[in-house]
Amino acid sequence: MKQSLGNTGLVLQERLLWEKGRKGRSGFSFPKQDVPSAVLSSEWTGPGPDFPDLSEVEVVRHYTRLSTWNFSVDNGMYPLGSCTMKYNPKINEKEAGLSGFQNAHPLLPSRLNQGALQLIYELEQFLTAITGLDAVSVQPTAGAHGELAGMLLMYAYHKSLGSRRTKIIVPDTAHGTNPASAALCGYRPVPVKSNEQGILSVESIAQAMDEETAGIMVTNPNTLGLFEENLKQISEIVHAKGGLVYGDGANMNAIMGIVDTGKIGVDIMHLNLHKTFATPHGGGGPGSGPVCVRKQLEPFLPVPRVIKKDGQYVLSEDFPQSIGKLHAFYGNFGVMIKAYSYIRSMGAAGLKKASQLAVLNANYVKERLKDVFHLPYDRPCMHECVFTDKVQQANKIATLDMAKRLMDYGFHPPTIYFPLVVSGAIMIEPTETECKEDLDHFIEALRAISKEAEENPDLLRQAPFSCKVKRLDETAAARQPCLAG
Amino acid sequence: MRYLPHTPEDLESMLKVVGVKSLEDLFDVIPRDSRRTGNMDLPAAMSEWELHDFMSGLADKTAAGPAYKLFIGAGSYEHHIPATVAHLSSRSEFVTSYTPYQPEMSQGTLQAIYEYQTLASRLLGMEVANASMYDGATALAEALLMALRITRKKYLAVSSLIHPLYRRVIRTYLGPTGAELIELPRSADGTTDFSRIEEMPDLAAVALQSPNFFGCLENLSTAAGLIHKQNGLLIACFTEPLAFGLFKNPGSQGADIACGEGQSLGIPRSFGGPGLGMFASSMKYVRNMPGRLVGLTKDQEGKRGFVLTLSTREQHIRREKATSNICTNNSLCALTSAIYMASLGGSGLRDLARLNYDKAQYLQSALKKAGFKITFTAPAFNEFVVQFPSGFKTVHDRLLEKKKIAAGLSLAPFYPDLPDHYLLCVTETKSKEDLDALVREVQS
Amino acid sequence: MKELNELHLPDDIRYTDDHEWAKKSGDTVKIGISDYAQDQLGDIVYVELPQVGASFDQKQQCGTIESVKAVSEMYMPLGGEVIAVNPELEGAPELLNKDPYGKGWMFEVKPAKVAEYDQLMDKKAYLEMLKGLK
């Protein structure tokens, strides 16, 4: 193969913040004390926090050094399945940094925030167009928050009909957030197994669905990267028993412009702006998890909602059936700006092309690796493909070892050990923004690793070699937690 | 499209490997009746340059320019943010990485979050802080749920001086749980009247905000004594953590959980989000805590390193029995606040808090001298309530329209029994001239 | 992971299908988890034990065992009252890995119905069940 991307460079050590500095330094430019010092009763005052005092240079070096210990999308390919680590366009960052957006106060009268409100209003319109559903609230601030909103909507809907349902169907391939969100609304998750093709069968849902069941939570495409082909029929069964269909839109990146979510019978769906709409993950947030619904559920959406009245955008609270507020203000506006910019840069054709290429890239990786890794579901996939370590287990090499070894080759490992239904899962989502040469390079690295698993398995068990640290003792961290210095 | 790298030759060779003829054929598994027939109804794609012109136009349609003098806080504060904070927190390596599930490749984020947890717990005087939550309101909702889990009781006493919008969020979260919320009234001095909590049955927790929505400091120690006698928890919420640079922090006053909004620590207001949900508690409750935690450990060679830990509390392992459904933190915001706290240092944070206090006090006295009533007498940090003469709304509107001055936030929509009362906020961003001008203008 | 022939399964104790073991001595029964269970869980980091004095029915959940990446519920092999718990596990959960049948015992029960003990699997039956799982 070509020369490995993985290499060694000069990795600088850096102490902890409080191991640095000297009392009396400062990294802050103080405004003038232009008012007299006021009286202050010592009854209320405290000693102030025990923080180190650092100069501006010390702060800059500290965080610059830390940053170099991270791998990121801007460093290289980051094929984490289920996470959609696509490229985050820089122009979107620039727009979100505009002073008019950054300095907007949320509690000024609407007429003084027209630009921000217009953006929210139009973004919600765009998301209805993309999903095929009827109304959207961008207030939820993360995917799991959107799921919670969706479950609260389902709860409010059934309550409005005077019924109290207690259960919800959750397939075994679901993200852990699904059952956790349902539980917050008092629903007991009823697990349903996927069939031998890796998708839900009509029969199993027909058997599980009853009038005590509020509905079903389905991720489509599912976490095996497969399209739930029977979803339309499943929706009909659920609807016939008075239930609702919740679509987890985490994997929307596979189907923009291709599938009409409304047509499949989905009633409620959340999206992840930080996956599908290219806003950066930020090392784990902030994200944004808009919730999209069919017309009959619109009255229940969170408030306030941005509406247009006499040519002005206003925040309206006039939705008496609303589930209420989910965030102190209107959600993660800073993230919305980036998603809005992305959609306006891509247009309808660009978004559809993105989905097509995401699916092409995943199928390409799948085809080129399936002779060396066990592929539990050998079918056309959507935006991600799932392998296992079954072949390499013969040499007592596990998914974890291969993941760690991939770091030495200069790639972030795929998602591992998820979905739970596949033992030793290796879940690869390349995304559309990776070019063919980089995919080829990644494929070659994984093929080389499978060879190493046979010829030099110990090498894999010791990996990684080139990172700042070797494998870390997670057991010790959990047995004697040290969570602050 | 510049983000999509595939050339026609790439497409041809890749489709061949996959064994299909066209991009459309990749979707053959999707039943016809699930497909979209027309195109998505979206505006035409813009070039980078068109987009920037358009977005700049939108951004200009907010009251955010330097000409505006906003004396409004109420959970979203204007503070000076050092250039280094924005610069460092926008480094690609932090911005475009994922949750640090692979610690060997994520030591930057992990150490930064461990340091954030440390700074947050020191600021709040608590033993352990998590890696952050969505915002102050959702952090409070999670704190109440945590108290219900720990005590297995049903009633929650919540101060009416907690941010009114936070109280709406907790109602949404607690709606389906069957927990009962009791609202605690206010005393004449602008603090919460919690004298009757002793008589309240089966209290899982008392939640107070300090400084409260009126800017006044609550006597958390007294409240802690009362609720602990009932084996309930004290939840101390906040919207302005800068106050703890100067005033006693929640931990030193007996709080079991401290939670709130950290936006004022170096994060722009950004129309209300993203913010930073800060969340801390005593170590004995850590296994009941929601959210991520970073812990210290060693690598195989004994070198210091950091990992996500105690993750069996979380949804990806415990599923419906998890401590929360939260799957993320506001990592980049936590990092931003840590850079801000590091820039200020302990001495700087104290001086800055003092400056906020002095300026707010200066404005209070000036308004008092001008004949306006400062409604509440309890000690306050950088916000306070003023009663203006009836009909002040016209003056308020005119100042906003003509002079670009926001003379506080009207309390009437939140507290109908306080008409003509306004919540004013003063931070270090306002000069003496700004304050003097405000006093002049509200008298005109 | 251990192969079946590498597992240590004492003859003088009983097993459950949730991989707990129970050992009778006099009129009390000691309870813990099997070698198979500790091997599947990996490094155990935290154990939540029932309260002394609490009573449980057979199969009722009575505790949890956490490893770094998994959490497993503990079910009562037989109904009864908890009369003692292993005090060392709180500070040293690794005892469950190192010595599951000895120093890693979890708690002791005074059984409500002795018949429930006799119905638990012996080594042979348990091994048969494990073969089915592999």
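**Chains A and B**

I counted polar contacts between chain A and chain B in this predicted model and got 88 residue pairs, both at pLDDT 80 or more. A polar contact here is a pair of N or O atoms within 3.5 Å; within protein, one must be able to donate a hydrogen and the other to accept it, and residues adjacent in sequence count only if both atoms are side-chain atoms. Helices (H or I, at least four residues) and strands (E, at least two) are DSSP runs, numbered from the N terminus. I sorted that side of chain A by class into 108 nonpolar, 55 polar and 38 charged residues. For this sorting, Ala, Val, Leu, Ile, Met, Phe, Trp, Tyr, Cys and Pro are nonpolar, Asp, Glu, Lys and Arg are charged, and the others, Gly among them, are polar.

I then looked up contacts, meaning heavy atoms within 4.5 Å: 201 residues of chain A touch 181 residues of chain B. The buried area comes to about 16700 Å², with 65% from carbon and sulfur atoms. Buried area is the accessible area (1.4 Å probe) that two parts lose on being put together, summed over both. In chain A, Trp44(A), Phe51(A) and Leu483(A) lose the most area to chain B, but together they account for 5% of what that side buries.

I also searched this interface for salt bridges (a side-chain nitrogen of Lys or Arg within 4 Å of a carboxyl oxygen of Asp or Glu). The rule finds 7 across it. One that I noted joins Arg304(B) to Glu19(A), N to O 3.0 Å.

**Ground rules**

I number residues from 1 along each chain as its sequence is written, and I letter chains from A and number ligands from 1 in the order in which they are written. Local features need pLDDT of at least 70, side-chain atom pairs count only at pLDDT 80 or more, totals for chains, interfaces and linings use all residues, and side-chain values use heavy atoms, with hydrogens and water left out.

**Chains C and B**

I found 10 residues of chain C in contact with 6 residues of chain B. About 620 Å² is buried between them, 47% of it from carbon and sulfur atoms. Tyr46(C), Glu66(C) and Val71(C) lose the most area on the chain C side, together 54% of what that side buries. The rule gives 2 salt bridges here; I noted one between Arg287(B) and Glu66(C), at 2.9 Å from N to O. Strands β6 (61-67) and β7 (71-75) of chain C each supply at least two residues of the side touching chain B, and β6(C) gives the most, with 4 residues.

**Cores**

I listed nonpolar cores, each a set of buried Ala, Val, Leu, Ile, Met, Phe, Trp, Tyr and Cys residues joined through side-chain atoms within 4.5 Å. Buried means under 20% relative accessible area, exposed over 50%, partly exposed in between (1.4 Å probe, protein chains only). The largest core has 209 residues, and Ile130(A) is one of those that touch the most other members. Its largest share, 19 residues, comes from helix α10 (residues 333-369) of chain A. I checked the contacts of Ile130(A) beyond four places in sequence; among them are Phe277(A), Ile343(A), Arg36(B) and Met40(B).

**Helix α12 of chain A**

I looked for the salt bridge of Glu452(A) and found Arg405(A), with the closest N and O atoms 2.8 Å apart. The pair joins helix α12 to helix α11 (residues 399-408), 47 residues apart in chain A. Glu452(A) is buried because its relative accessibility is 13%. Arg405(A) is buried too, at 11%. Ser450(A) also lies in α12 (residues 436-455), and I found it buried at 8%. Beyond its neighbours within four places in sequence, Ser450(A) contacts Val372(A), Phe373(A) and Gln392(A).

**Salt bridges within chain C**

I found Asp35(C) and Lys2(C) joined at 3.0 Å, N to O. Asp35(C) sits in helix α1 (residues 35-41) and Lys2(C) in the segment before β1 (14-15), 33 residues apart. Asp35(C) counts as buried at 3% relative accessibility, whereas Lys2(C) is partly exposed at 28%.
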